[in-house]
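Please consult the sequence and the model shown here.

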Amino acid sequence: MFTGAAILSVLFLIIFSITNIISLIPFAIISWVEAFFMIWLEIPLLTVCIPGGPKIDAFQRFFQNTLFRSILYAVFAVLIWLSILMKASSLLVAAITLSATSIFYFISVLKKENLERSGMTGGGGMAAAGAFTTV
């Protein structure tokens, strides 16, 4: 459920940043950066396709903790909520879904659940299978 909410947030960030590119240029750019970063975190198959160095791998392992991921998404949500303060726009939908995603990850922290990956996004052994086919 958490991954689904995050993917939905990515879609809303991309769609609504395109619709608001003229009126909210800085926040549209922030939305694109957030969406790219969330795709990189949420879809493990991409890490197999795009090799990274040890610093990038360490940075990504840092966000494998659900608490840090919850905090990161809360910061992303606050940035988009700031755009709503500047001008009411359809980025409100992205702010709501980012807030919900952050809350979902925080609930998993309270329940002491580990980060689970959906098979839809390359989790559940799909990334490891991809690694074997690319070698």
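F37, W40, Y73, F76 and Y105 form one aromatic cluster. The structure is a predicted model, in which local features need pLDDT of at least 70 and side-chain atom pairs count only at pLDDT 80 or more, while totals for chains, interfaces and linings use all residues. Residues are numbered from 1 along each chain as its sequence is written, and side-chain values use heavy atoms, with hydrogens and water left out.

**Aromatic pairs**
- There are five aromatic pairs in the structure (rings of Phe, Tyr and Trp, the last by its six-membered ring, with centres within 6.5 Å; planes under 30 degrees apart are stacked, over 60 edge-to-face, the rest tilted).
- The pair of F37 and W40 is tilted, because the ring centres lie 5.6 Å apart and the planes meet at 45°.
- Helix α2 (residues 25-42) holds both F37 and W40, three residues apart, about one turn of the helix (helices are DSSP runs of H or I, at least four residues, numbered from the N terminus).
- With ring centres 6.0 Å apart and planes at 80°, F37 and F76 make an edge-to-face pair.
- F37 lies in helix α2 and F76 in helix α5 (residues 66-86), so this pair ties together parts 39 residues apart in sequence.

**Burial and core**
- F37 and W40 are both buried (under 20% relative accessible area, 1.4 Å probe, protein chains only), and F76 is buried as well.

How values were computed. Helices (H or I, at least four residues) and strands (E, at least two) are DSSP runs, numbered from the N terminus. Buried means under 20% relative accessible area, exposed over 50%, partly exposed in between (1.4 Å probe, protein chains only).
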